[in-house]
Every structure is written in structure tokens, then in C-alpha cells.
Amino acid sequence: MAADLCILFRTPPYGSISAAEGLRHLIGAATNRLDVGAILLGEGVWAARAGQEPGSSGWTSLSDSLAEFLAQDDPPPPPVYAPETALSHAGLTREPCPRH
């Protein structure tokens with residue numbers, strides 16, 4: 001993966017602002033036409049889990065924002081990688097992001 005910027009997601013979407021800030025930087029870099037990509041490792045795979053319901057925790061679901069961004073055509077969506085081991089450890093499967 002050759003990119004100007006690679007965002008690494010290693011923490012879950014709730015409990016700290018790390019994943020939300022990573023998503024913000026991913027969207028900002030791609031919108032400004034940087035060659036950007038993302039890697040979801042460990043608990044970072046949870047940021048892409050569809051149907052997140054943070055309830056009354058005060059946190060915002062990142063999966064909806066990520067899915068909306070990846071569904072856009074302009075700018076072209078950046079590649080998002082997640083190792084099978086991280087996905088299977090979290091009980092998730094690799095599925096393409098639905099186009100809105």
C-alpha cells in the first residue's frame with residue numbers, strides 16, 4: 001500500500017477519541033486529495049462494524065460516518081484494510097460497504 005498518509009485504527013470506537021479522530025483525519029485527507037488509506041487492527045475493527053448502537057454512552061457511532069464516506073464517488077474512497085485475524089477475533093466478517 002503506497003499512500004501519502006495511512007491512518008491506523010487500533011482502539012475501539014468508544015472510550016477514547018482516538019478512533020473518531022482517525023476517521024476525521026481520514027475524511028479530511030481524502031477530501032483534500034491526499035493519497036490516503038486506513039488499516040484496522042485489533043479492536044480498531046470495531047470502528048467499521050455496521051449497526052453500532054452506543055446508547056446513552058455519549059459516543060457517536062462511527063460506522064455510519066465511515067460507510068457514508070466510503071460510499072461517495074468524489075473523492076474516490078480510500079482503501080481500508082483489516083487483517084482476517086483481527087476480524088475473526090472480533091467475530092466479524094469481511095463484507096463490502098453498502099453503497100448508499
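Two strands are taken to pair if DSSP finds at least two bridges between them, and helices (H or I, at least four residues) and strands (E, at least two) are DSSP runs numbered from the N terminus. On that basis, three strands form an open, parallel sheet in the order E1-E2-E3. The model is a predicted one, in which local features need pLDDT of at least 70 and side-chain atom pairs count only at pLDDT 80 or more, while totals for chains, interfaces and linings use all residues. Residues are numbered from 1 along each chain as its sequence is written, and side-chain values use heavy atoms, with hydrogens and water left out.

In the sheet, E1 and E3 stand at the edges, each with a single partner strand, so one side of each has no neighbour there. E1 and E2 run parallel and are joined by five bridges; Leu 8 stands opposite Ile 39 in E2. Helix H1 packs on the sheet, where it touches E1 and E2, and its direction makes about 160 degrees with that of E1. Here axes are lines fitted to C-alpha atoms, for helices over the stretch in contact, and angles run from 0 to 180 degrees between N-to-C directions. Burial follows relative accessible area: under 20% is buried, over 50% exposed, and in between partly exposed (1.4 Å probe, protein chains only). Four of the five residues of E2 are buried, so this strand is largely enclosed by the rest of the structure.

We can now turn to the interior. A nonpolar core is a set of buried Ala, Val, Leu, Ile, Met, Phe, Trp, Tyr and Cys residues joined through side-chain atoms within 4.5 Å. The largest such core has 21 residues, of which Phe 9, Leu 23, Leu 26, Val 36 and Val 45 touch the most other members. Two or more residues each come from strand E1 (5-9), helix H1 (18-31), strand E2 (36-40), helix H2 (62-71) and helix H3 (84-89). H1 gives the largest share, five residues. Contact means heavy atoms within 4.5 Å. Leaving aside neighbours within four places in sequence, Val 45 is in contact with Leu 40, Ala 82, Ala 86, Leu 87, Ala 90 and Leu 92.

Charged pairs come next. With a salt bridge defined as a side-chain nitrogen of Lys or Arg within 4 Å of a carboxyl oxygen of Asp or Glu, the count comes to two. In one, the closest N and O atoms of Arg 24 and Glu 21 are 2.6 Å apart. Both residues lie in helix H1, three residues apart, or about one turn of the helix. Arg 24 is partly exposed at 48% relative accessibility, and Glu 21 is also partly exposed, at 28%. The other salt bridge joins Arg 33 to Asp 74, with closest N and O atoms 2.7 Å apart. This pair links distant parts of the chain, 41 residues apart: Arg 33 is in the loop between H1 and E2, and Asp 74 in the loop between H2 and strand E3 (80-81). Arg 33 and Asp 74 are both exposed.
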